[in-house]
Amino acid sequence: MEENYQCESKTEGKPIRCKAAVCRKAGEALVIEEIEVAPPKAWEVRIKILCTSLCHTDVTFWKLNAGPAAAFPRIFGHEAVGVVESVGENVEEVKHGDRVLPVFNSECGECRDCKSAKSNICTKFPFSHYNGMPRDGSSRFKDSNGMDLHHFLFVSSFSEYTVVDIADVVKISSDIPVDKACLLSCGVSTGVGAAWKVADVEQGSTVAIFGLGAVGLAVAEGARQRGASKIIGVDLNPEKFEIGQQFGVTDFINPTYCSQKSVVEVIQEMTDGGADYCFECIGLASLMQDAINSSRPGWGKTVVLGVEMHGSPLSINSGQILRGRTVTGSMFGGVKTKTDIPFFVKKYLHNELNLEGFVTHEISFQDINQAFDLLREGKSIRCIIWMDK
Ligand SMILES: NC(=O)c1ccc[n+]([C@@H]2O[C@H](COP(=O)([O-])OP(=O)(O)OC[C@H]3O[C@@H](n4cnc5c(N)ncnc54)[C@H](O)[C@@H]3O)[C@@H](O)[C@H]2O)c1
Ligand SMILES: [Zn+2]
Ligand SMILES: [Zn+2]
């Protein structure tokens with residue numbers, strides 16, 4: 001059923017004063033502040049956020065206190081859905097009132113990568129500017145003292161309004177409920193895309209997933225839809241098995257209780273020599289190694305999705321890959337923002353993609369810090385943060 005979310009048009013061309021959850025210092029609670037959001041420049045879209053959720057990548061960057069990616073004060077948030085408030089010059093693809101997802105992974109449609117079916121890594125807008133707008137690195141946010149606030153991953157959805165480049169916006173049908181649409185803006189698309197597009201899991205195959213958060217559970221959902229015969233979930237949190245079963249997880253390994261054998265040995269035994277497809281959805285180099293070693297010699301493929309929490313390098317024993325294993329990493333599960341997300345929406349609307357069960361909590365914007373606590377304590381899968389409720 002279509003939900004009716006409107007957005008005023010009187011604000012077009014003017015700065016908007018609104019509330020945003022600002023992170024002033026690494027690891028500190030966000031503070032709701034009044035900020036000013038500039039009108040969109042050429043190729044840009046100003047979006048009224050309806051709801052947003054917290055992905056583990058926000059937490060990883062929120063904790064980061066050194067290096068060029070540690071930019072504060074900053075507006076985090078990159079998984080969201082909204083309505084177009086106004087557009088800048090040259091934007092014809094969307095208009096005031098359209099339901100859209102802002103997405104960190106650009107699709108300019110013109111570069112060599114965007115034109116190739118082999119890649120979803122747009123080379124026109126690489127990640128070098130992700131503290132600001134993708135074309136010039138500048139900010140569209142000012143605090144009440146007139147100081148610039150940094151963007152995050154081209155989205156910055158922890159704000160009632162945000163400005164996003166048209167290369168990072170996809171128009172979606174308003175038939176999909178907004179909380180389900182929000183999931184497709186990062187974590188769930190990443191997991192489903194990794195199973196469908198990167199691994200291309202086929203009927204009867206065996207799958208091992210390290211980490212059953214939203215990304216890992218979405219991998220399970222994608223593998224289940226493809227008819228995988230065994231889907232093994234590895235997680236330290238025992239509660240993840242019950243929820244995993246809703247997404248097709250058939251077997252569960254809790255590393256805490258693997259004293260006699262290693263997790264790798266247990267997976268090798270369960271899969272008669274190694275899983276056909278392994279996915280790392282946690283963000284620890286040691287577990288990326290375990291995933292690779294759990295994959296089957298000859299044809300096993302490992303997809304690394306986790307963002308390494310400590311920036312540690314991944315070292316691979318060449319003997320493991322000489323025996324025919326393949327390892328790949330993937331941003332956004334190989335998903336092309338404008339090409340693939342409307343397809344995922346259709347799959348959901350045709351009951352061919354289960355998005356129920358990912359949303360475990362819902363809170364209002366002013367309580368946003370609770371979403372951090374819930375995710376870090378392993379209590380939530382996705383917590384929907386409503387801007388207006
Ligand atoms: N590649 C991409 O484009 C992309 C997109 C979204 C998220 N990510 C990354 O994917 C990862 C997962 O994100 P999420 O939002 O699903 O996170 P999450 O916090 O919801 O899930 C992580 C899961 O891993 C489990 N876990 C943590 N440490 C573990 C350990 N040592 N052994 C076993 N299990 C362990 C937790 O219990 C939890 O269930 C993060 O690294 C995130 O940054 C990558
Ligand atoms: Zn994310
Ligand atoms: Zn491109």
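By class, the shell around ligand 1 has 16 nonpolar, 13 polar and two charged residues; Ala, Val, Leu, Ile, Met, Phe, Trp, Tyr, Cys and Pro count as nonpolar, Asp, Glu, Lys and Arg as charged, and the others, Gly among them, as polar. This is a predicted model, in which local features need pLDDT of at least 70 and side-chain atom pairs pLDDT 80 or more, while totals for chains, interfaces and linings use all residues. Residues are numbered from 1 along each chain as written, and chains are lettered from A and ligands numbered from 1 in written order.

Select ligand 1. 31 residues surround ligand 1 (C-beta atom, placed from the backbone, within 6 Å). The closest are His-56, Gly-211, Gly-213, Gly-283 and Val-307. Helices H1 (56-63), H4 and H5 each supply at least two shell residues; helices are DSSP runs of H or I with at least four residues, numbered from the N terminus.

Next, colour domain 1 (16-184 + 355-386) and domain 2 (190-331), with bounds from an automatic or database domain assignment. The shell around ligand 1 draws at least three residues from each domain. Where they touch, 11 residues of domain 1 are in contact with 10 of domain 2, contact being C-beta atoms, placed from the backbone, within 7 Å. On the domain 1 side, H1 gives the most, with three residues.

Finally, select H4 (187-198) and H5 (214-225). Their contact includes Trp-196 in H4 and Leu-217 in H5. Its residues divide into 11 nonpolar, five polar and one charged.

Terms used. Axes are lines fitted to C-alpha atoms, for helices over the stretch in contact, and angles run from 0 to 180 degrees between N-to-C directions. Two residues are in contact if their C-beta atoms, placed from the backbone, lie within 7 Å.
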